[in-house]
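Work through the following exercises with the sequence and the coordinates side by side. Each task is followed by a solution that goes step by step.

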Amino acid sequence: MLQCSHSLQCGLDVGEVTHTLTEASGRLSYRGRPMNRAARIAGICAAGKVLVSGDVWAAACEEDAGMAYSYSGISLGAIPLKGVAQPIEVVEVVRELEQ
C-alpha cells in the first residue's frame, strides 16, 4: 500500500549495488548507479508523490499482475537526470480509487 505524508518524496530504481558495513554504527552503506538514479528521481519528485524508474514499474507489474488493479503508472517520459548519462523513463505511481 502506498501512503505518503505530504512532505515525503519517494524515488525508486532497481539494479545491482554494492554495500559495506560501517562497524562503528553497524549500518550498511549502499553504493551504485541505482542509488544515484533513485536519489535523482526523488529530487524531482513533488511532496506526497511516488516516482519510480520505468524499470521498477515494469518489474513490479511483472512480479504482481494484480497490482494494476490497485495502482496506475503514469509515464512522465524520458527525463534527463544530473549525473546520469542517458535520460531515463520516470513513472508516477498513483493509487486507484476503490469504487
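Accessible areas come from the Shrake-Rupley method with a 1.4 Å probe, and for residues only the protein chains shown count as cover. The model is a predicted one, in which local features need pLDDT of at least 70 and side-chain atom pairs count only at pLDDT 80 or more, while totals for chains, interfaces and linings use all residues. Residues are numbered from 1 along each chain as its sequence is written, and side-chain values use heavy atoms, with hydrogens and water left out.

**Exercise 1. Overall description**

Task: Describe the protein by its accessible surface, its buried share and the order of its elements.

Solution: Begin with the surface, which comes to about 7100 Å², 52% of it belonging to carbon and sulfur atoms. Next, take buried to mean under 20% relative accessible area, exposed over 50%, and partly exposed in between (1.4 Å probe, protein chains only); on this scale 25% of the 99 residues count as buried. Helices (H or I, at least four residues) and strands (E, at least two) are DSSP runs numbered from the N terminus, and the protein has three helices and six strands, in the order β-β-β-α-β-α-α-β-β. The C-alpha atoms fill a box of roughly 50 × 30 × 30 Å along the principal axes. Finally, with contact meaning heavy atoms within 4.5 Å, 58% of the contacts between residues at least 6 apart in sequence join residues at least 24 apart.

**Exercise 2. The sides of helix H1**

Task: Determine which residues of H1 are buried and what they pack against.

Solution: In helix H1 (residues 33-43), the buried residues are Pro 34, Ala 38, Ile 41 and Ala 42. They lie on the same side of H1, because they cover an arc of only 100 degrees around the axis, the arc being that of the directions from the helix axis to the C-beta atoms. An α-helix has 3.6 residues a turn, so residues three or four places apart point the same way. The buried residues of H1 pack against strands S1 (10-12), S4 (50-53) and S6 (88-95), whereas the face turned away from the buried side carries the exposed residues Arg 33 and Gly 43.

**Exercise 3. The hairpin and the nonpolar patch**

Task: Is strand S2 largely in the open or covered, and which residues form a nonpolar patch on the surface?

Solution: None of the five residues of S2 is buried, so S2 lies largely in the open. S2 pairs with strand S3 (residues 27-31) in the antiparallel sense over five bridges, one of which sets Thr 18 against Arg 31 in S3. Four residues stand between the two strands of this hairpin, where Gly 26 takes a positive phi near 75 degrees. Leu 21, which is found in S2 (residues 18-22), counts as exposed at 53% relative accessibility. Together with Val 17, Leu 28, Tyr 30 and Met 35, Leu 21 forms a nonpolar patch with about 450 Å² of accessible area. Patches are made of residues with over 30% relative accessible area and no salt bridge, like charges being joined within 9 Å and nonpolar side chains (Val, Leu, Ile, Met, Phe, Trp, Tyr) within 5 Å.

**Exercise 4. Salt bridges**

Task: Locate the salt bridges of the whole structure and state which parts of the chain each one links.

Solution: A salt bridge is a side-chain nitrogen of Lys or Arg within 4 Å of a carboxyl oxygen of Asp or Glu, and the search finds two. In one, Asp 13 pairs with Arg 37, the closest N and O atoms being 2.3 Å apart. Asp 13 lies in the loop between S1 and S2 and Arg 37 in helix H1, so the pair ties together parts that are 24 residues apart in sequence. Asp 13 is buried, with a relative accessible area of 16%.

In the other, Glu 92 pairs with Lys 49 at 3.5 Å between the closest N and O atoms. This pair links Glu 92 in strand S6 to Lys 49 in the loop between H1 and S4, 43 residues apart. Glu 92 is buried at 15%, whereas Lys 49 counts as partly exposed at 37% relative accessibility. Leaving aside neighbours within four places in sequence, the contacts of Glu 92 include Val 50, Leu 51, Ser 72 and Ile 74.

Note on methods
Two strands pair if DSSP finds at least two bridges between them.
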